Amino acid sequence: MKYIHILILVVFIVFFSYTGSIGSAHPNGENSEVDVSDVTYVLSETKRDPMLEKAFSKAFDLKQGEDQIQYYYNHIDLNDDQQPETFVYLVGSPVCGSGGCSGALFTNQNGEYKLVTTFSLLRSPVIIENEKTNGWKNMIMYVSGGGIKGGYKRLRFDGKTYPSNPSVQPDVQKGKISGVGIINDDISKKEGIPF
């Protein structure tokens, strides 16, 4: 009987650690020196995209029907070429941990998705800043959990890709951020598209 109580306790700890890692990343008073009041937030798309599923399943070695995940995505033009890129956010035990979940950025070339970057330790929303580096808009991501001190991090395009781990990127200094917040869904309340 004692082992059952311990097992139940372990299940609760794992469950609450996991669900706490996938909620929306709007901080409650943390890093209050960063002003996000000029950010316009948008919800993710709701229509299933089989070509996108094929692309991200290849990038993360996922098997449809076996790996229980959901996904959220937005189309947004990051390099002002009038061809929107696609940012996808994946949620589920194969792609999430205490520090966040996984995501990927794709370009569309000849009707096919081409991988630009995979991301780890990701939380929603992702802010697409108006400022650019090497012709592509900067991304700002909020990191916390997994022993990481909560705060906003800026990811800059290096000419080929973005950094994959936001937790080791430079902190956003105090001041106002402007841009668009994508994947602004309350993940704890709104289910994504099942894979």
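Helices (H or I, at least four residues) and strands (E, at least two) are DSSP runs, numbered from the N terminus. In this predicted model, the protein chain follows the pattern α-β-α-β-β-β-β-β-β-β-β-β along its sequence, with 2 helices and 10 strands.

The protein chain has 195 residues, and 46% of them count as buried. Its accessible surface comes to about 10500 Å², and carbon and sulfur atoms account for 52% of that area. Among contacts between residues at least 6 apart in sequence, 60% join residues at least 24 apart.

In soluble globular proteins, nonpolar side chains tend to be buried together. Here the largest nonpolar core holds 38 residues, and the members that touch the most others are Phe56, Phe87 and Met139.

Another core, of 9 residues, lies apart from it; Val39, Ile127, Ile140 and Ile177 are among its members.

Not counting residues up to four places away in sequence, Phe87 touches Tyr72, Tyr73, Asn74, Ala104, Leu105, Phe119, Leu122, Val126, Met139, Met141, Ile182 and Ile183. One of these contacts, Met139, is also named with Phe87 among the core residues that touch the most other members.

Key. Residues are numbered from 1 along each chain as its sequence is written. This is a predicted model: local features need pLDDT of at least 70, side-chain atom pairs count only at pLDDT 80 or more; totals for chains, interfaces and linings use all residues. Side-chain values use heavy atoms; hydrogens and water are left out. Buried means under 20% relative accessible area, exposed over 50%, partly exposed in between (1.4 Å probe, protein chains only). Contact means heavy atoms within 4.5 Å. Accessible areas come from the Shrake-Rupley method with a 1.4 Å probe; for residues, only the protein chains shown count as cover. A nonpolar core is a set of buried Ala, Val, Leu, Ile, Met, Phe, Trp, Tyr and Cys residues joined through side-chain atoms within 4.5 Å.
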